[in-house]
Amino acid sequence: MKKNTGFSILSRSEEIQDASKQDFDLIIIGGGVTGCGIALDATSRGLKTLLVEKADYASGTSSKSTKLIHGGLRYLKQLEIGLVRETGTERSIVHKLAPHLVHPEKMLLPIVDGGTFNKWSASLAITVYDMLAGVESKDRKKSFGKEATLQEEPLLDTNIVKSSIQYSEYRTDDARLTIELIKKAVDLGCTAFNYCIVTNLCYHEGKIVGVECQEGTTKTKVTFKAKLVVSAAGPWVDVIREIDKSRTGKSLRLTKGVHIVVSKNRMPIKHAVYFDAFDGRMLFAIPRGETTYIGTSDTDYKGHRDHVVCKQDDVNYLLLATNRLFPTLKLSNEDVVSSWAGLRPLIHEDGKTPSEVSRKDEIFISPSGLISIAGGKLTGYRKMGQRVVDLVIKKIGKPKMQCQTKNIQLTNDPFFNYGEVRRYINTMASDLGYPVSWYLVTIYGKAAQNIIQHAESIPSASRRQSILLAEIDYTIENESATNPCDFFDRRTGNIYFNIDLVISTKELCLSRFSDQLSWSDAERQVQAQKLDQMIQSAQIFK
């Protein structure tokens, strides 16, 4: 398969050794959406940039969100006007940068007896929300009475629903968005390595000048040098600050968010629904392909940062809230096909519940010069990157240059609007069927056609298996996928939205990775165990 980005795992060893001999302007610790957004911004402004990630890109918070590009309607209640304005405005920008990944989504907010919003407060909040975000008139809120609401969503409880409001948001694949950001950064000249663990920081006369790392597969130790280091490590920001001996003042408050997935046949809602959990929180139920996912919980977390899983209490909470609003569904444990759990790296605020803590990002600068950024929302990644890079340019004395990322398409052969995406899917569907076409295009964009062409040269038991093998080849050669967990989780999302495919093809996937990366029998066994553990974690409540 022709390599499109040069972002391949196959030349990793040589690239690491080459990078260790260079002097960078900036090293970024953390390959989540914030770090990758910083990398794209910095590289596009001419900074020589290196990014290192201790696991896989997007393996932390950036693959565990509610997968929405949204302004955060509920933050209006907390008077986070600036946050709502900024992220609300960013929604349409990110949609234009990657329309195959960021899809318009009509959200329905039912007004219910005893709920968080009444008819008037909801109408006012969404009117303000639309105004702050600059929503076009055709996409602004619509109000429905009780009868019209039940026509829109017949599964809602007729006894408590009073009316509803429909408003506009965007749905995304958070991990794929992160992958496309780092691919584009690399395409523009950034150097990036996943599975490259920061073990120490390097100093000269008390100022940070680099990082010491351990390569994750060979355990080789390597040092990288730079004028400045930025930590965008999400839940691990305070860990890096401890290494820097600068964990003072404000600190992180980690909260856990859980989502569960059910078959669309069991929850065939027509819209994404934003609804009351009746404990002061609001939840989302969002159709995606052949599934519907529900979330999220919001609880303080003190456990292991590297092993965050959905617990039975989390499932019970989400099922109870969902069944209260959709009583005829009678969803139970048996209906939950998979789940995910992630951590929010929020800034600690005394006396506030997890849901009340601000989602605004903050930047910390230590005496050594280490720059750390924490907090924030998926939707705000681009503005967070802009603020960090503005600061970096000022500190290293580079000529001031305006942020470019508002106009950088995230794929080399981009779609320019959502209508083009839909037409492309429909054209491919005449050959592949709609579900497979939708899946491939909404993940890979126009590169889906390259994958289909490559699949035609791969003999296999079925066409779908040939396509799967072609996907694996593409992600190894173009997206630095190093193992089946990378592929089934961050590259495709199948572990959540098509777990039956993961289970039925895991041996095929292991064999392909083993052949392409020349694994030893011992390495294949290790990767098989990791894949089994990932499947078990997604179904830990079973």
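User: Is Tyr496 buried or exposed, and what is its relative accessible area?

Analyst: This is a predicted model in which local features need pLDDT of at least 70, side-chain atom pairs count only at pLDDT 80 or more, and totals for chains, interfaces and linings use all residues. Residues are numbered from 1 along each chain as its sequence is written, and side-chain values use heavy atoms, with hydrogens and water left out. Buried means under 20% relative accessible area, exposed over 50% and partly exposed in between, with a 1.4 Å probe and protein chains only. Tyr496 is buried, its relative accessible area being 6%.

User: Which parts does the aromatic pair of Trp340 and Tyr496 tie together, and how many residues apart are they in sequence?

Analyst: Rings of Phe, Tyr and Trp (its six-membered ring) pair if their centres lie within 6.5 Å; planes under 30 degrees apart count as stacked, over 60 as edge-to-face and the rest as tilted. The pair of Trp340 and Tyr496 is tilted, at 5.0 Å centre to centre and 55 degrees between the planes. Helices (H or I, at least four residues) and strands (E, at least two) are DSSP runs, numbered from the N terminus. Because Trp340 belongs to strand E16 (residues 336-347) and Tyr496 to helix H15 (residues 494-497), the pair joins parts that are 156 residues apart in sequence.

User: Which residues do ring pairs link into a cluster with Trp340?

Analyst: Trp340 is itself buried, with a relative accessible area of 2%. Ring pairs link Trp340 into a cluster with Tyr293, Tyr496 and Phe497.
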